[in-house]
Amino acid sequence: VTGMRRRGALVAVPVCVIATLVSWLHSHGRPTFEITSQGPSSGTVLGLVLLVPVAAALGVGARRLWSWMLARRVRATRWLPVAIGAAGLVTGLVSLWVPAVVGNGRDAMEVALGTRVPEASSGAVGATLVMLLGIVVLKPALTGLTLGAGATGGRLAPSLAVGSSAGAALAIALQASGVEVSISVLAMAGAGAVLATTQKAPIFGIVFTWELARAGVWTLTALIAVVLPVMLVTSSTWRQSVASRLRNLGMR
């Protein structure tokens with residue numbers, strides 16, 4: 001490690017240590033989200049398979065949208081208050097109908113992980129799906145609008161919000177069709193897959209997402225089972241790297 005990478009590591013390591021210590025003092029080592037990890041089932045496995053193309057499309061779409069908006073963001077200082085204020089106004093108006101879209105995305109992920117199967121006899125199933133799909137569509141759009149307005153912000157939590165909402169929505173749809181699925185497992189897997197795609201970092205996506213809830217070995221396995229295929233689908237660099245390693249193993 002030389003040059004800029006060395007300087008980056010020298011800055012990143014102490015910052016991460018300080019952040020970890022401060023976070024631990026606040027949380028006392030408890031996970032961010034408290035969820036019950038259910039064991040594997042055929043329905044959940046089916047849901048994970050169906051989640052792969054959904055998470056891949058959402059991750060690539062969000063990444064391209066945010067990159068496009070950042071490349072065209074407002075740069076003139078005199079227009080920043082107006083642009084950021086307008087983006088905030090739009091977000092506030094949208095939140096009147098979908099409250100979970102505001103904030104960095106933690107609230108939306110909490111909603112997704114806390115979703116329960118509503119009574120099929122009522123209109124609650126449709127209402128729940130509309131809410132979750134609203135987050136899936138509106139969260140990346142409003143995040144892109146805010147970035148384009150010139151505001152500075154991260155894309156980690158919005159990625160988690162989009163992926164977890166998509167996973168929960170898919171689970172609710174399968175449940176409504178009579179397939180028993182773990183909503184929390186699909187929500188966690190979706191969150192990790194979209195995060196890994198937007199950041200182009202599969203290991204980070206898996207570890208970071210799992211650490212938020214520490215929901216057991218099965219949830220970790222589900223994360224790996226979704227994130228790795230999603231990366232193979234969305235990243236040509238990753239495909240080439242995997243193919244090269246497989247060829248090297250075959251030559252031994």
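Helices α4 and α6 run roughly parallel to each other. (Under 35 degrees counts as roughly parallel, over 145 as roughly antiparallel, 65 to 115 as roughly perpendicular, and the rest as oblique.) This is a predicted model, in which local features need pLDDT of at least 70 and side-chain atom pairs count only at pLDDT 80 or more, while totals for chains, interfaces and linings use all residues. Residues are numbered from 1 along each chain as its sequence is written, and side-chain values use heavy atoms, leaving out hydrogens and water.

Start with that pair. Helix α4 covers residues 106-113 and helix α6 covers residues 156-176. (Helices are DSSP runs of H or I, at least four residues long, and strands are E runs of at least two, numbered from the N terminus.) The two pack at an angle of about 20°, with their axes 8 Å apart. (Axes are lines fitted to C-alpha atoms, for helices over the stretch in contact, and angles run from 0 to 180 degrees between N-to-C directions.) The crossing of α4 and α6 is left-handed: the near helix is turned anticlockwise from the far one by less than a right angle, while clockwise would be right-handed. From α4, the contact uses R106, A108, M109 and A112. From α6, A157, L160, A161, S164, S165 and A168 take part. (Contact means heavy atoms within 4.5 Å.) By type, these residues are seven nonpolar, two polar and one charged. (Ala, Val, Leu, Ile, Met, Phe, Trp, Tyr, Cys and Pro count as nonpolar, Asp, Glu, Lys and Arg as charged, and the others, Gly among them, as polar.)

Now look at α2, residues 42-71. Its axis and that of α5 (residues 124-148) come within 8 Å and cross at roughly 20°. So α2 is roughly parallel to α5. Their crossing is right-handed. On the α2 side sit L58, A62, L65, W66, M69 and L70. They meet V136, P140, A141, T143, G144, L145, L147 and G148 of α5. Eleven of the contact residues are nonpolar, three are polar and none is charged.

Helix α2 also packs against α9 (residues 217-234), at about 50° with the axes 9 Å apart. That makes α2 oblique to α9. This crossing, too, is right-handed. Among the residues that meet are L48, V52 and R63 in α2 and W218, V226 and P229 in α9. The contact has 13 nonpolar, two polar and one charged residue.

Finally, find the largest pocket. Its volume is about 380 Å³. It is lined by 13 residues, with S23, W24, S27, T32 and E211 nearest its centre. Helices α1 (3-27) and α8 (202-213) each supply at least two lining residues. The most come from α1, which gives six. The lining divides into four nonpolar, six polar and three charged residues. (A pocket is an open set of points on a 1 Å grid over the protein atoms alone, where a 1.4 Å probe fits, with protein on both sides within 12 Å along at least five of seven lines; lining residues have an atom within 4 Å of a point. Volume is the space filled by probe spheres set on the points, which are joined across faces, edges and corners.)
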